[in-house]
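Student: Pick one part of this model and give me a close look at it. Start from the charged pairs, then work out to the packing around them.

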Amino acid sequence: MQQLVLLNAIPDLVTVATTDSDPAARKKAIYALSSATRNYQPAMNELLKSLPEGYPTDKKDASNMDDVDAILDKLRAHPVDASA
């Protein structure tokens, strides 16, 4: 998970999770974000910086599964423009 932070891949995964028209691609991106951010604070910090408007921007604890799940659930429900 450290590699995702080092390679600056978190913003790319957020973009796929919130804009890709393929539901399978979005699901895989969210799964990768889930794996990266649970119990790894540097990845959580990068995720919070990369989230689109309307998502939490305050500091979240990567070891608090309720905080992590709230963000991931919101990503799962994020509306995607089908015409894109």
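Tutor: A salt bridge here is a side-chain nitrogen of Lys or Arg within 4 Å of a carboxyl oxygen of Asp or Glu. Keep in mind that the model is predicted. The part to look at is helix H4, residues 41–50.

Begin with its charged pair. The side chains of Lys-49 and Glu-46 meet in a salt bridge, with N and O 2.8 Å apart. Both residues belong to H4, three places apart, or about one turn of the helix. An α-helix has 3.6 residues a turn, so residues three or four places apart point the same way. The burial of the two partners needs a cut-off: under 20% relative accessible area is buried, over 50% is exposed. Lys-49 has 62%, so it counts as exposed. Glu-46 has 18%, so it is buried.

The buried residues of H4 are Ala-43, Met-44, Glu-46, Leu-47, Leu-48 and Ser-50. What do the buried residues of H4 pack against? They pack against helix H1 (2–6), H2, H3 and H5.

Take the H3 side next. H3 and H4 pack with their axes 7 Å apart, at an angle of about 135°. H3 is therefore oblique to H4. H3 brings Leu-33, Ala-36 and Thr-37 to the contact, and H4 brings Ala-43, Met-44 and Leu-47. By class, five of these residues are nonpolar, one is polar and none is charged. The loop between H3 and H4 holds Asn-39. Its phi is positive, about 65°, although Asn-39 is not a glycine. Most residues other than glycine have a negative phi. With a relative accessible area of 56%, Asn-39 is exposed.

Now follow Met-44. Leaving out residues up to four places away in sequence, Met-44 touches Thr-37, Lys-60, Ala-62, Val-68 and Ile-71. Thr-37 is part of the H3 side of the contact with H4. Lys-60 sits in the loop between H4 and H5. What does Lys-60 touch, beyond residues up to four places away in sequence? Lys-60 touches Gln-41, Met-44, Leu-48, Asp-67 and Ile-71. At 16% relative accessibility, Lys-60 counts as buried. Lys-60 also forms a salt bridge with Asp-58, the closest N and O atoms being 3.5 Å apart. Asp-58 is partly exposed, at 42%.

Step out to the core. The largest nonpolar core has 19 residues. Among those with the most contacts inside it are Met-44, Leu-47, Leu-33, Ile-71 and Leu-75. Helices H2 (10–19), H3 (23–37), H4 (41–50) and H5 (65–76) each give two or more residues to this core.

Leu-75 is found in helix H5. At 1% relative accessibility, it counts as buried. Beyond its neighbours within four places in sequence, Leu-75 is in contact with Ala-17, Thr-18, Ile-30, Leu-33, Leu-51 and Tyr-55. Leu-75 lies 12 Å from Ser-50 in space, C-alpha to C-alpha, and 25 residues from it in sequence. Ser-50 is one of the buried residues of H4.

H3 also packs on H5. Their axes come within 10 Å and cross at roughly 170°. That angle is over 145 degrees, and H3 and H5 are therefore roughly antiparallel to each other. Ile-30, Leu-33, Ser-34 and Thr-37 of H3 make the contact with Val-68, Leu-72, Leu-75 and Arg-76 of H5. This set divides into five nonpolar, two polar and one charged.

Close with Arg-76, back among the charged pairs. Arg-76 forms a salt bridge with Asp-73, with the closest N and O atoms 2.8 Å apart. These two are separated by about one helical turn, because they lie three residues apart in H5. Asp-73 is partly exposed, at 44%. In total, the structure holds four salt bridges.

Methods. Residues numbered from 1 in each chain as written. Predicted model: local features only at pLDDT ≥ 70, side-chain atom pairs only at ≥ 80, totals over all residues. Heavy atoms only, no water. Core = buried A, V, L, I, M, F, W, Y, C linked by side-chain atoms within 4.5 Å. Buried < 20%, exposed > 50% of the residue type's maximum accessible area, 1.4 Å probe, protein only. Helix = DSSP H or I, 4+ residues; strand = E, 2+ residues; numbered from the N terminus. Contact = heavy atoms within 4.5 Å. Axes fitted to C-alpha atoms, helices over the stretch in contact; angles between N-to-C directions. Parallel < 35°, antiparallel > 145°, perpendicular 65-115°, else oblique. Nonpolar A, V, L, I, M, F, W, Y, C, P; charged D, E, K, R; others polar.
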